[in-house]
Amino acid sequence: MAAWTKTSPFPWLKPAVLTGSLVPIAAILVRAWGNALGADPIAQALNQLGLIALVFLVAALGCTPLKAMVGWTWPMRLRRMLGLLAFFYAGLHVITYTVIDQGLDWHAILDDILKRKFIFVGFATFVLLIPLAITSTNSAIRRLGYPRWKQLHRLAYVAPALAVLHFTWRVKRDIREPLTYGLVLAMLLAARFLGQLRAPVSLAWQTVNRSSGDIWKSDRP
Amino acid sequence: MASYSGSVAPNHITPERVYLRRREFIRNSLLFAATSSSVGGTLLWLMRGLRAKDHKHPVNATATESRPLTIAQRTDYAPGEAKTPYESVTTYNNFYEFGTDKSDPAQNALTLRPRPWTLNIEGEVERPQVIDIDQLLSWFPLEERVYRMRCVEAWSMVIPWLGFPLGDLLRRVGLTSRAKYVAFTSLLDPVQMPEQRSAVLDWPYVEGLRIDEAMHPLTILAAGLYGRRLPNQNGAPMRLVVPWKYGFKGIKSIVKIRLTGKAPPTTWNLAAPSEYGFYANVNPAVDHPRWSQSTERRIGEYHRRATLPFNGYSDQVARLYSGMDLSRFF
């Protein structure tokens, strides 16, 4: 039992965060079923799925600064899951747009992507997330080699910035909400940048060496 | 061993190892529940978005709203199309004076007091005057007009308005020869309209029409919908309805109508001149810079439908714009 505790000091953490993270999709389905999504349920579901995807993109970026600044290591163990949840909600957002909102009218969808910058940027955000999701496994890290994997995963900084832009360009007038997310994101990126200056050698790389590739469980350096 | 004093046999005593496991299990379960519910709760809270604060007020508007009105005449200008349910018409509103979320007005507009209310008619008119709203409404028989309403955000409704032609009022007060435009002003009162404290738009909301648009028989001042007085969130006590233009032209809670010689400023045009023009005629061929206007979702329907030029009222109004480049005068 002692060894088990050592490798996983908070065994409840990941399943608990995952369970809580599925509340939004459960809520949207329940509300859709009960006609409680307002007069335009498709727009409501579309907007809320996109917003939750952005929340997870930003949350995933918050893990490293928390470790660097507060000294908490447990958020690092959530980072991959948060990123995958962002991909999950972004995927549902895209499916809601293409299948439900546009009724798979590819001509209209392509027209939207090419002609409207906010949809283009939103679509680009989703496309960026695809390689990140595919290479999120431990074996992908080993296959790519950590330096290349890390380079690829720098897209995790670009994606939320594009998502904030997508959100800002979408709203008609009241940009307070997208700006709030933009501000949080800017602070996280600034914290990340300052942290990079202080610690040139990545902790994740040290741990990947020490624990034979499994950087996700070894949160205690 | 039969003479053991206690009632619990030694082999029934939970080993310490398992006993500690049990405590840990309970502790972990509690932590699991606390963490998952706080993560879920935070996400649900974020999903609500940035809503205007609840400005609920003891004034009860529903009492006046529910009084049925006498209808002189009914005309269906969207024949064969299902009317949007009252519930949707009165809970899905763009009325930024009460918050920018479409559910905000229904929740917050109870602070608006639609009576007593006066309308100021001034400028290039022969008989400028300040009229009490009920007196004004007694001048004209109320007609029911079922109109399509197309929002610039690419959704639409079919609404049975109750009102009278704006032209009837303008003829009654008499226009001077210099009256070329009509300028409308909404109420400015941050006590009654709490979101006027925010700078999301320049307050008060102002709108305008060319005089021929204002005199067109389809242009009405509405004081009711679905046979009853206008609910606060729909622009009580009186609002403009111009069915061939995007919804934002339909200025709500009007306090002033001024006849002018020059084109008046309009709120959304001031806010984003490249996105919202003075005319704002529904036009599927002229996209909003950020989204398509070629289709719309009728509230309550699943599939998008094609948007019609002038919102389907071309036969009546297209001649007003003959010879004009509608992509320039959007």
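Predicted model: local features only at pLDDT ≥ 70, side-chain atom pairs only at ≥ 80, totals over all residues.
Local features need pLDDT of at least 70 and side-chain atom pairs count only at pLDDT 80 or more, while totals for chains, interfaces and linings use all residues. Residues are numbered from 1 along each chain as its sequence is written, and chains are lettered from A in the order in which they are written.

Chain B has nine helices and 13 strands; helices (H or I, at least four residues) and strands (E, at least two) are DSSP runs, numbered from the N terminus. Chain B is more spread out than a compact globule, because its radius of gyration is 28 Å, well over the 20 Å that the globule rule gives for 330 residues. That radius is taken over C-alpha atoms, and the rule is 2.2 Å times the number of residues to the power 0.38. Along the principal axes, the C-alpha atoms of chain B fill a box of roughly 120 × 45 × 40 Å.

On the A–B interface, 30 residues of chain A are in contact with 32 residues of chain B. Two residues are in contact if their C-beta atoms, placed from the backbone, lie within 7 Å. Each helix in the table supplies at least two residues of the side of chain A that touches chain B.

| Helix of chain A | Residues |
|---|---|
| H2 | 13-21 |
| H3 | 23-33 |
| H4 | 41-70 |
| H11 | 176-198 |

H2(A) gives the most to this side, with seven residues.

Within chain B, B:Val182 is in contact with B:Gly208, B:Leu209, B:Ile211, B:Ala214, B:Ile257 and B:Leu259, leaving aside its neighbours within four places in sequence.
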